[in-house]
Amino acid sequence: MSKPPIIWSIAGLDSGGGAGLSADQRAADAAGVHLCPVAAALTAQNSVAVDAVFPVPPEQLDAQLAALADDLPPAAIKTGLLGGVEQLRVVARWVDRLRERAPVTLVVDPVLRASTGASFADEALLRAYREELLPRASAVTPNQREAVRLVGEGSVPAQARALLALGARAVCITGGDAGGPLALDWLAAEHATGWLALPRRAAGNNHGTGCTFATALAAASARGFVAADAAVIAKMLTTSGLRADLQSPGAGAGPVRPESGFIGDASLLPALFDDEAPPEAWPAARRGAPALEEVYAITDSGAHAASLFEGGLQAVQLRVKRTLGEADSVWAARLRAEIKAARRPGAVLIVNDHWREALASGVDFIHLGQEDLLALSAADRRDLAEARARGLRLGLSSHSLWELARAVAWSPDYIACGPVWPTLTKAMPWRAQGLHNLAWWVAMAPAPVVGIGGVLELQQLAEIAASGASAGCVVRGLAPGATHLPQAWQRAWRDGRAALRFHAPHWPLPGLPVKLE
């Protein structure tokens, strides 16, 4: 059995057991990492109020970190209540020392004020955060009140940009304390930007949500996830701990109590909305024609698509790439010709990317990659929404947790998970998802899941079927002159579906390698 990743939490000790190091320990346990709790401040508090804060002397803080450095070096560090400028500087020096030895993620939760209203930071400490700690931060996770104290008033996305300008690599401004039907956190990271959303939960045990979120983000980072994926996991873990069936042990709010099973709870998967305007409602589920089922192929030729239909396939995706320098009129005419050649009565033809041209040709099923999704203008989004209201079906690619969360926001008719195995048909930065992640997608996604990528052998397609996926995609294995005919692939699918032996794993595996700091 491998050792669990190690994270350090350098934070305050809450004598009431709700926030600070107590919350951090509960989050770390739920995330399956080993937490080293380092006291930077002692607090006299209960569930109602913070009566006093006693910063740990800098030499005592330094001694705690020195004792850990050789025996229990961290993959990630989370900071919470630090108590003062000198304590912050001790942390900054240790981050630099540790990074000389090995990469270390630093997640900064700038605890500047208690939920009861008590202030923990004067102007000198705020300046030290801005000038000394945030430039070292892999991610910073203030709530909306703390963001105002750090960078001033403004929209939440503008505040996130200001925090990035101070040197933080990623920002997630949490909004659990705000009102509205959705709990919204603004994420700004290298790979994704937008509102992470979940329906708001009515729960009295919300003491320590900020600590929990930051520790969960650090834990996910220590497990190898990039910041955007780590934020999705942190949102899931924190929300799992907000339970209406738990009573507070004191007169005030009770502590957040996440559990390890959160990672397999489909109700906790957030949506990622990439407009700066906050979403007003949870996306409605799609109702209508069934999604893709069994085997489908991808080809760049209308004639080949027609032959696949005639060979027994029910669905084919037409992926016609525009050549460099090809005139608009020539390109449009070529695409229309390929669509015309491919169409067959009763068959499902999916057109990749070029949704306006597909609509103009009467095609009612399109597939978009997430790069194409992000490139849509406001007018494109409005027109696409109107077309979907009239019956247009939509499939979306996804390769990571944040892309899966973005797909949730669009309520597609299916979500493609890939590449399941390494593929040569398209240059990608992604690691192969494997059957492990495909099974997790199937269990968690709010729409049917299609396995795609690297399917060259009949047994591979059977294994995709056994994962519970709605359909499996074959590209090179159904190219002109391929060894196996469509009927063989269909038999392999039915054999795999009869086995249905794969179950959702406990944790997904990271889809991108983390850039070392």
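Colleague: At what angle do helix α8 and helix α14 pack, and how far apart are their axes?

Modeller: This is a predicted model. Helix α8 (residues 227-240) and helix α14 (residues 401-410) pack at about 60°, with axes 7 Å apart.

Colleague: What makes α8 oblique to α14?

Modeller: Roughly parallel needs an angle under 35 degrees, and roughly perpendicular runs from 65 to 115. The angle here is about 60°, so α8 is oblique to α14.

Colleague: Which residues meet there?

Modeller: From α8, Ala228, Asp229, Val232 and Ile233; from α14, Leu401, Trp402 and Ala405. By class, that contact has 6 nonpolar, no polar and 1 charged residues.

Colleague: Why is α7 called oblique to α8?

Modeller: The axes of α7 (residues 209-222) and α8 cross at roughly 135° and come within 8 Å. Perpendicular stops at 115 and antiparallel needs over 145, so α7 is oblique to α8. The crossing is right-handed.

Colleague: What makes the pair of Phe262 and Trp507 edge-to-face?

Modeller: A pair needs ring centres within 6.5 Å, and edge-to-face needs planes over 60 degrees apart. The centres are 5.8 Å apart and the planes are at 85°, so the pair is edge-to-face. Phe262 and Trp507 are 245 residues apart in the chain. Together with Phe225, Phe262 and Trp507 form one aromatic cluster.

Colleague: How do you know whether Phe262 and Trp507 are buried or exposed?

Modeller: Buried means under 20% relative accessible area. Phe262 has 2%, so Phe262 counts as buried. Trp507 has 6%, so Trp507 is buried.

Conventions
Residues are numbered from 1 along each chain as its sequence is written. This is a predicted model: local features need pLDDT of at least 70, side-chain atom pairs count only at pLDDT 80 or more; totals for chains, interfaces and linings use all residues. Side-chain values use heavy atoms; hydrogens and water are left out. Axes are lines fitted to C-alpha atoms, for helices over the stretch in contact, and angles run from 0 to 180 degrees between N-to-C directions. Helices (H or I, at least four residues) and strands (E, at least two) are DSSP runs, numbered from the N terminus. Contact means heavy atoms within 4.5 Å. Ala, Val, Leu, Ile, Met, Phe, Trp, Tyr, Cys and Pro count as nonpolar, Asp, Glu, Lys and Arg as charged, and the others, Gly among them, as polar. A crossing is left-handed if the near helix is turned anticlockwise from the far one by less than a right angle, and right-handed if clockwise. Rings of Phe, Tyr and Trp (its six-membered ring) pair if their centres lie within 6.5 Å; planes under 30 degrees apart count as stacked, over 60 as edge-to-face and the rest as tilted. Buried means under 20% relative accessible area, exposed over 50%, partly exposed in between (1.4 Å probe, protein chains only).
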